[in-house]
Amino acid sequence: MPFIPHTEADVREMLATIGAKSIEELFDEIPQNLRVQGLAGIPEGLSEMEIGRLMSERARQDGRPLSFLGAGAYEHHIPSAVWAITTRGEYYSAYTPYQAEASQGTLQLIHEYQTMISSLTGMEVSNASLYDGGSAVAEAALMAVRAHRKSKSLRVLVPSTVNPNYRRVAVSTAGNQGLRFETVPYQRETGCIDFAALAAFAGQDIAAMVIQQPNFFGQLEDVDALTDWAHEQGMLVIAAVNPTSLALLKPPGEWGTKGADICVGEGQPLGVPLSSGGPYFGFMTTRMEYVRSMPGRIVGRTVDLEGRHGYTLTLQAREQHIRRGKATSNICTNQGLLMTAATIYMSLIGPAGLAQVAETSMARTHQLVTALGRQRGVRQAFTGPRFHESVLLLDRPAEAVLRELESQGILGGVDLSGDYPELGSAILVCATETKTDGDIERYANALGTALQAVRAA
Amino acid sequence: MNQILEKSIFEYSRDGRGAEAQHPPALRGAVASASKEALGAVPAALRRQSKPMLPEASELDVVRHFTRLSQLNFSIDTNFYPLGSCTMKYNPKACNQYAMLPEFLSRHPLAPDTQGQGFLSCMFELQEMLKEVTGMKAVSLNPMAGAHGEFAGVAMIRAYHRARGDLARNEIIVPEAAHGTNPATATMCGCIVREIPVDAEGDVDIEALKKAVGPNTAGIMLTNPSTLGVFERKIEEVARIVHGAGGLLYYDGANLNAILGKVRPGDMGFDVIHMNLHKTFSTPHGGGGPGAGAVGVSARLEPFLPVPVVGREGEGYRWLTENDRPQSIGRLSAFMGNAGVLLRAYIYMRMLGREGMSRVGEFATLNANYVMARLRAAGFDLAYPNRRASHEFIITMKRQAKELNVTAMDIAKRLLDYGFHAPTTYFPLLVPECLLIEPTETESRETLDGFIDAMVAILGEASSDATKLKAAPYTMPVRRLDDVRAAKQLELTWKPVDSAA
């Protein structure tokens with residue numbers, strides 16, 4: 001029996017101890033009419049050899065195309081040690097560290113993670129992870145409304161330069177509690193939040209504003225001015241950031257005069273594979289004054305009976321297993337193993353390595369945009385500084401061009417026509433440190449060919 | 001003897017050291033000039049001035065540090081882990097290996113469906129298998145944990161009532177023994193929580209339920225078998241009462257392992273369920289996630305399922321989105337949830353197959369009833385002595401607490417010294433001094449006997465040397481920790497000065 005170790009003798013003797021004639025008898029409290037007769041829709045079991053063959057075939061079907069996709073999930077080099085250690089059974093098959101004495105490894109690792117991510121974002125405290133970047137924005141909005149001492153407003157400004165899927169998750173997660181998300185348009189020239197449009201919200205009672213840096217288009221927002229403006233209006237500032245970019249860009253804790261209040265983001269770039277969208281992890285850091293409003297697990301250092309240092313889950317009175325209906329969130333299981341991978345990644349890559357990853361990604365994207373821009377019918381949508389993504393406008397429908405590229409084994413970018421129809425035919429492209437001169441040249445040539453093919457069709 | 005503690009990763013750090021094999025190659029030629037231009041375009045005001053405090057350590061130091069830390073943990077791979085309500089069963093290695101094939105890992109979430117037919121076929125078949133074992137009409141794989149699935153479920157219940165113009169229904173009924181996530185979820189969905197009691201035998205108090213339902217009832221959230229470790233025998237009557245009042249039934253799948261292959265939530269009358277794939281379908285707990293909380297629904301709730309959902313068209317598969325499901329409660333994650341976890345659950349289900357799936361509930365129940373019978377014979381008090389155990393059961397140390405001043409916590413901590421992870425303690429809240437014990441089906445009789453022997457030995461110590469238990473554990477990396485100090489003197493990040501302490 002797969003994964004069940006009982007011999008016939010075991011079963012016989014165990015039933016005798018229980019005083020039951022059969023295993024069947026142990027289910028005698030379940031009404032007979034409810035009992036299921038077999039599971040006809042489930043196939044026969046497979047041995048490990050057979051499932052291995054099946055999965056390898058399925059994987060082969062998907063192939064490994066040359067990808068220039070970003071839009072919230074980024075291809076980076078992952079050191080071999082990251083997953084070799086992360087999948088050790090002692091991390092992989094442990095539970096949430098409620099029994100602190102038997103979980104010091106996980107607890108100390110979380111504490112080290114909290115230290116690293118707090119420093120990277122320039123904030124004072126961190127939790128132990130949320131589900132992903134999208135749900136982290138939603139939780140940050142709920143937290144801002146809860147933590148705001150002077151405003152009872154349920155309104156949150158979420159500019160259209162914030163990842164559209166993050167905005168969707170925020171609405172579906174926080175909308176039920178009455179939060180209202182209001183958008184701010186971007187400026188067509190720069191692809192950044194339109195300051196003139198912000199003026200319409202001046203003087204109003206609004207709980208918080210989300211600022212994504214780099215924004216969804218890859219452009220860099222004027223975070224100092226935006227943060228100061230939001231604070232002048234009495235709003236809390238929620239920063240949504242890419243952790244890789246923070247090796248080069250000003251951390252949210254230093255934005256404007258006072259710094260952002262809550263910082264969140266998608267942790268995937270820190271050693272987590274793309275894997276069709278998950279599991280990833282969301283990170284959240286904040287000022288010490290808001291720590292009691294923060295959702296999720298938090299680890300603190302303390303001492304044991306003998307006065308020696310040890311680690312434990314703390315401030316649990318915020319959480320659902322204690323506070324039930326009055327908890328800061330219903331979150332329980334989060335994304336611990338991905339946070340584990342990220343901690344090992346940050347330890348291996350170090351401050352210098354992370355800066356090199358960020359710089360190289362930026363340079364490769366610059367190279368890519370320049371090379372693609374040389375093709376007839378391609379131009380950049382926006383001016384101004386950017387990180388490692390950029391929007392390109394095509395003189396032919398993006399969908400058709402991307403399909404042509406796909407037939408050449410290239411995933412050329414994310415079609416923006418659904419979320420930003422005003423841009424016309426637009427694609428979001430990304431290159432990271434994993435791309436070479438040869439990859440970029442291959443894409444540039446393929447794009448020329450693809451555009452030609454679409455023109456001819 | 002205490003193990004040697006591991007110093008902080010930051011204490012390995014030296015300026016200028018690093019795992020340089022992991023750094024991208026130095027920039028030369030075209031990319032170097034591109035770098036100058038790109039960086040040059042970023043105004044100084046937007047740039048970072050200070051170095052982030054990340055370790056500067058060699059690869060070997062990092063590997064050694066995190067390997068040593070791992071050795072301070074209990075885990076399923078190293079210890080019996082009878083944590084009630086958590087289903088800590090063996091996580092087969094094949095599930096990890098084949099979910100981590102390079103093509104799966106490197107697939108971008110926004111890659112077109114045509115570049116993911118292998119992955120999508122697994123997801124579609126997973127949806128179908130989950131429908132089959134739960135008796136539900138449709139499944140969405142999006143939620144990333146049990147509580148996330150609960151959120152999706154209650155949000156669908158609300159959306160259903162709203163779509164019918166039934167706007168007053170905002171109350172969620174929850175038995176007092178429920179997981180804390182149930183009331184917390186109801187609140188997150190903008191609902192009001194009404195708790196109802198259970199009777200002396202652990203079943204829902206039907207009279208209290210009748211009084212609680214009414215025109216404001218949105219639904220009831222039930223775990224069955226309940227958190228008390230017993231099957232809710234009056235489930236059909238509960239369903240009649242709630243449905244009769246216009247409410248819907250929500251099934252918390254935390255304890256699905258107990259009944260897998262024996263009885264299905266859909267057949268019990270539930271309208272919406274979540275499954276903890278990291279419990280019943282053996283994906284790893286990862287020291288606090290990732291989980292996966294797939295939701296299943298009856299026909300009337302199908303339009304409200306969170307998107308995306310995998311659909312089959314002819315021989316191919318594609319994501320169905322908001323465009324296909326305009327009444328959907330929307331997206332719960334930036335992409336499609338914990339894909340890699342879902343692959344592991346798929347592999348597990350295919351390995352077990354039809355017969356293996358039915359055996360899960362049988363042997364989980366056999367193991368629980370065996371441990372319960374032997375502990376009862378050894379003098380432990382059962383919280384529900386007249387009931388069968390489901391896949392778990394509760395003992396209460398109320399008597400020992402009074403007579404010997406030995407608490408459930410003391411037993412739990414002492415078990416660690418015997419090499420066993422503690423059962424769930426102090427949950428459910430309504431049983432005083434309780435230990436909730438769930439052995440799971442993957443444990444051998446010898447392991448169960450070892451655990452029982454340890455429990456009996458500890459009960460003996462409780463009578464002969466209670467003070468010894470009060471100070472347990474003795475053999476762990478640390479002794480009992482000062483939780484009050486942890487919460488009062490918050491030390492939430494490592495500070496350089498600490499190394500001197």
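**Close-up views of a predicted two-chain model**

**View 1. A right-handed helix crossing in chain B.** H11(B) and H14(B) cross in a right-handed manner. On the H11(B) side, look for Asn367(B), Tyr370(B), Val371(B), Arg374(B) and Leu375(B). On the H14(B) side, the contact is made by Leu448(B), Ile452(B) and Met455(B). Sort the residues of this contact by class and you get six nonpolar, one polar and one charged.

View 2. S10(B) is joined to strand S11 (residues 393–396) of chain B by two bridges, and Leu382(B) stands opposite Ile395(B) in S11(B).

View 3. The peptide bond joining Phe427(B) and Pro428(B) is cis, with omega at about -5°.

**View 4. The seven-stranded sheet of chain B.** Here the open sheet has the order S1-S7-S6-S5-S4-S2-S3 (chain B), and the pairing is mixed. Strand S1 (138–140) and strand S3 (192–196) of chain B are at the edges with a single partner strand each, so one side of each has no neighbour in the sheet. On average, neighbouring strands of this sheet are turned by 25° against each other, direction ignored. For a parallel pair, pick out strand S5 (residues 248–253) and strand S6 (residues 272–275) of chain B, which pair over four bridges. Within the pair, Tyr251(B) stands opposite Ile273(B) in S6(B).

View 5. Helix H5 (residues 117–134) of chain B lies across S1, S6 and strand S7 (295–297) of chain B, and runs at about 125° to S1(B). Helix H9 (residues 235–244) of chain B lies across strand S4 (217–223) and S5 of chain B, running at about 165° to S4(B).

**View 6. An oblique helix pair in chain A.** Over in chain A, helix H6 (residues 133–147) and helix H7 (residues 164–174) pack with their axes 8 Å apart, at an angle of about 50°. That makes H6(A) and H7(A) oblique to each other. The crossing of H6(A) past H7(A) is right-handed. H6(A) brings Gly133(A), Gly134(A), Ser135(A), Val137(A), Ala138(A), Ala141(A) and Leu142(A) to the contact. They meet Asn165(A), Tyr166(A), Val169(A), Ala170(A), Thr173(A) and Ala174(A) of H7(A). The tally for this contact is eight nonpolar residues, five polar and no charged.

**View 7. The S7–S8 loop of chain A.** Two backbone features share this loop. Pro279(A) lies in the loop between strand S7 (262–266) and strand S8 (282–286) of chain A, and a cis peptide bond joins Gly278(A) to Pro279(A), with omega at about 0°. Ser276(A) also lies in the loop between S7 and S8 of chain A. Ser276(A) is not a glycine, yet has a positive phi of about 55°.

**View 8. Where chain A meets chain B.** The contact between the chains takes 168 residues from chain A and 176 residues from chain B. On the chain A side, helix H11 (residues 336–373) of chain A gives the most, with 23 residues. That side of chain A has 77 nonpolar, 62 polar and 29 charged residues.

Definitions and conventions:
Residues numbered from 1 in each chain as written. Chains lettered and ligands numbered in written order. Predicted model: local features only at pLDDT ≥ 70, side-chain atom pairs only at ≥ 80, totals over all residues. Axes fitted to C-alpha atoms, helices over the stretch in contact; angles between N-to-C directions. Parallel < 35°, antiparallel > 145°, perpendicular 65-115°, else oblique. Left-handed = near helix turned anticlockwise from the far one by under 90°. Contact = placed C-beta atoms within 7 Å. Nonpolar A, V, L, I, M, F, W, Y, C, P; charged D, E, K, R; others polar. Pairing = 2+ DSSP bridges.
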